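Please keep the sequence and the 3D view open while reading.

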Amino acid sequence: MPRGLRICCSLLAGMACLTIAAMPRAALAEETKPVSAKIELIPRRILFGNPDKASPRIAPDGSRLAFIAPVDGVLNVWVSPDLDPAKAKPVTNDTKRGIRSYFWAYTNEHILYVQDVGGDEDWHVYAVNLKTGKTLDLTPLKKISAQITEVSRKFPNEILIGLNDRDERLHDLYRVNIETGERKLDEKNDESFAGYMTDDDYQVRFGIRFTPDGGNEILKPDDKGGWSPFLKIGMEDTVTTNPVGFNKTNDEMYLIDSRGRDTGVLKIVNLETGEEKIIAEHDKVDIGGIMMHPTEKTIQAVSNNYLRTEWDFRDEQVKADFDELRKLADGEIDIASRTLDDQTWVVAFVVDNGPVRYYLFDRKTKKATFLFTNRKELEGLPLVKMHPVVVPARDKLDLVCYLSLPAGSDPDGDGRPDRPLPMVLNVHGGPWARDAWGFDPEHQFLANRGYAVLSVNFRGSTGFGKNFVNAGNKEWAGKMHLDLLDAVDWAVKEKIAAVDKVGIMGGSYGGYATLVGVTMTPDVFACGVDIVGPSNILTLLSTIPPYWEPAKQMFKDRVGDYETEEGKKFLTERSPLTFVDKIKRPLLIGQGTNDPRVKQAEADQIVKAMQDKKIPVTYVLFPDEGHGFARPENRLSFYAVTEAFLAEHLGGHYEPIGDAFAGSTIEVPAGAGQVPGLQSALTARKDEELPSSDKPAKKAARRPAASRQR
């Protein structure tokens with residue numbers, strides 16, 4: 001999928017609101033009993049610290065193995081001289097934020113990765129030369145957001161990169177030499193394209209742009225220096241229809257297509273005749289992952305994910321290999337990396353209650369070699385299962401949800417606790433994304449602290465067909481919020497949740513949903529944790545990054561028109577900031593100073609409004625973070641504050657803050673005294689930073705609030 005279109009699916013962080021009267025609550029659940037004090041608390045660092053090793057990738061020629069692992073506490077890329085991870089050495093030297101994604105170049109001698117500074121999302125592309133050990137910035141420009149558009153085995157020393165240096169709203173296409181950094185313009189973006197489709201020959205085959213009616217159009221070069229129409233996609237299909245690649249001879253295109261139906265099917269389209277043929281389809285979900293041969297470009301398998309991931313095979317040999325792999329370990333199988341000849345795979349086994357297990361698999365010999373798990377310390381801990389459940393909304397729409405329960409609370413394993421529990425509604429971001437089954441550190445963290453945890457794929461979430469996505473259009477804080485309330489009522493009715501002990505928590509759109517919950521339905525939730533969530537839709541949409549400009553109409557269609565008077569009124573009514581005076585339950589807000597999507601002003605303005613109205617709020621700020629908290633020291637500090645906050649208001653367990661602020665840049669501009677142990681932890685850190693001569697004399701020790709285990 002062209003990267004320019006991905007902004008529709010993952011880059012927007014937070015949306016809308018409608019004043020909604022609190023739903024009639026189910027009859028009060030039976031009184032909750034104190035959570036047992038005998039539970040074994042899993043340390044925060046195990047769940048939210050750096051992995052031991054992660055993201056193994058095999059070189060295209062099968063000669064070497066790479067992975068991500070810490071160096072002095074910061075994630076870097078390591079490379080082995082062969083396939084033995086024990087021989088690997090670090091080849092990058094990031095000392096701040098860490099490298100979270102990378103891949104091999106087809107030279108087999110270069111590692112490529114992207115990185116920003118402090119979460120500002122001014123992305124640069126870097127190439128590491130494994131022979132010389134030198135790292136080269138391939139995009140040494142200021143205030144850009146570089147995009148890797150294409151990497152081809154036919155041009156091992158070159159890649160295609162999109163750069164918005166000429167016009168910050170649009171990406172031109174450049175061919176860049178990864179050894180020298182030499183950059184040549186391939187395609188100037190004069191047509192306001194959101195992205196390009198190129199083939200393995202580095203030929204621009206299509207340009208994709210948004211249309212004034214909110215749809216997409218795919219245009220092809222007309223060989224006269226211009227462009228001619230090829231495919232029109234209506235607004236209702238833009239999230240569920242997109243091109244995904246070409247066949248080996250580049251005369252056919254693979255297309256996920258929901259036009260004329262609900263779910264996105266996989267088609268092959270003849271580029272000369274226009275003939276279309278469906279390759280794979282599912283009646284409940286869009287086609288998800290596509291497994292394509294690295295060089296032959298044939299479809300080997302596709303994945304579908306309703307409750308869990310299922311594979312639909314098109315290659316019998318691949319099916320036989322999966323059957324063999326299933327004998328190795330439990331869990332969902334993912335092919336994380338493979339050689340160019342497709343004979344050696346790096347296989348990941350994903351489970352819901354343990355670490356990811358990685359193997360090398362030789363397809364010829366059927367021999368599997370264990371590599372490592374991503375977090376060895378998870379083994380043997382009291383981790384819990386994740387239960388997929390389908391909850392009906394009030395209008396009968398099916399909501400796929402995931403429920404985790406504290407260890408020991410569900411003796412018969414039926415996904416229902418033996419008594420109602422305090423519960424955290426954990427809302428995903430996007431909102432054009434989805435929750436899925438698997439290991440979720442937040443689910444494990446909260447369940448371990450004594451809470452039921454429920455995640456809801458509310459309408460507007462992706463993967464469940466276009467009707468489900470479009471049911472969320474202009475429904476942020478309308479029916480999207482009602483879906484969350486329906487899920488809470490279901491949990492109360494099923495005696496999973498205690499009606500007066502439900503908290504709401506989430507990041508990005510989930511943070512926005514949290515603010516909606518505490519402002520517009522203030523009697524439903526006992527407390528809220530908002531992480532980088534917007535408080536005012538008008539200010540959010542008027543400050544989108546410039547390179548989202550091509551998708552401007554999409555935001556108007558799916559969120560609301562922020563440029564007309566009628567639209568402004570509508571969005572004001574759907575902004576939590578408008579209803580600050582309705583807040584009556586405790587609120588914790590976390591924000592990154594450098595966030596380019598949901599800017600710091602979104603947090604600042606609601607905090608100020610609450611302070612002006614004398615409403616308590618705790619505000620946590622990180623000056624070296626953006627849209628989310630990437631540095632493990634910052635993650636650990638925020639979750640330390642979060643669990644103390646939740647324990648105070650929901651009654652669960654918590655690990656005292658202790659030394660969780662070590663190495664973190666955490667600041668608390670407001671409300672430090674409202675979270676157990678927070679003020680004392682900040683004071684202790686400040687004292688440690690003072691020269692010894694300036695430290696105050698020690699007073700008689702007092703028992704800190706954070707030591708009160710519940």
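Is Tyr 509 buried or exposed? The model is a predicted one, and in it Tyr 509 is buried, with a relative accessible area of 2%.

Phe 458 and Tyr 509 form a tilted aromatic pair, with 5.2 Å from centre to centre and 35 degrees between the planes. Phe 458 belongs to the loop between β31 (452-456) and α5 (466-470), while Tyr 509 is in helix α7 (residues 509-520), so the pair ties together parts that are 51 residues apart in sequence.

The count of aromatic pairs comes to 29. One of them joins Phe 206 and Phe 230: the ring centres are 4.8 Å apart and the planes stand at 40 degrees, so this pair is tilted. Planes under 30 degrees apart would count as stacked and those over 60 as edge-to-face. Phe 206 lies in strand β14 (residues 204-210) and Phe 230 in strand β16 (residues 227-233); the pair therefore ties together parts that are 24 residues apart in sequence. Phe 206 is buried, at a relative accessible area of 3%, whereas Phe 230 is partly exposed, at 23%.

An aromatic cluster is formed by Phe 48, Phe 445, Phe 622, Phe 629, Phe 638 and Tyr 639.

**Charges over rings**

The table lists two side chains whose charged end sits over a ring.

| Charged residue | Ring | Distance from ring centre |
|---|---|---|
| Lys 53 | Phe 372 | 5.7 Å |
| Arg 205 | Phe 246 | 5.0 Å |

**An open sheet**

Which strands form the open sheet, and in what order? There are 4 strands, arranged as β17-β18-β19-β20, and their pairing is antiparallel. The edge strands, β17 (242-246) and β20 (276-280), each pair on one side only. On average, neighbouring strands of this sheet are turned by 30 degrees against each other, direction ignored.

How many bridges join strand β19 to β20? Strand β19 (residues 265-270) is joined to β20 by 4 bridges, and the two run antiparallel. Across this pairing, Val 269 stands opposite Glu 276 in β20.

How values were computed: Residues are numbered from 1 along each chain as its sequence is written. This is a predicted model: local features need pLDDT of at least 70, side-chain atom pairs count only at pLDDT 80 or more; totals for chains, interfaces and linings use all residues. Side-chain values use heavy atoms; hydrogens and water are left out. Rings of Phe, Tyr and Trp (its six-membered ring) pair if their centres lie within 6.5 Å; planes under 30 degrees apart count as stacked, over 60 as edge-to-face and the rest as tilted. Buried means under 20% relative accessible area, exposed over 50%, partly exposed in between (1.4 Å probe, protein chains only). A charge sits over a ring if NZ of Lys or CZ of Arg is within 6 Å of the ring centre and within 35 degrees of the ring normal. Two strands pair if DSSP finds at least two bridges between them. Axes are lines fitted to C-alpha atoms, for helices over the stretch in contact, and angles run from 0 to 180 degrees between N-to-C directions.
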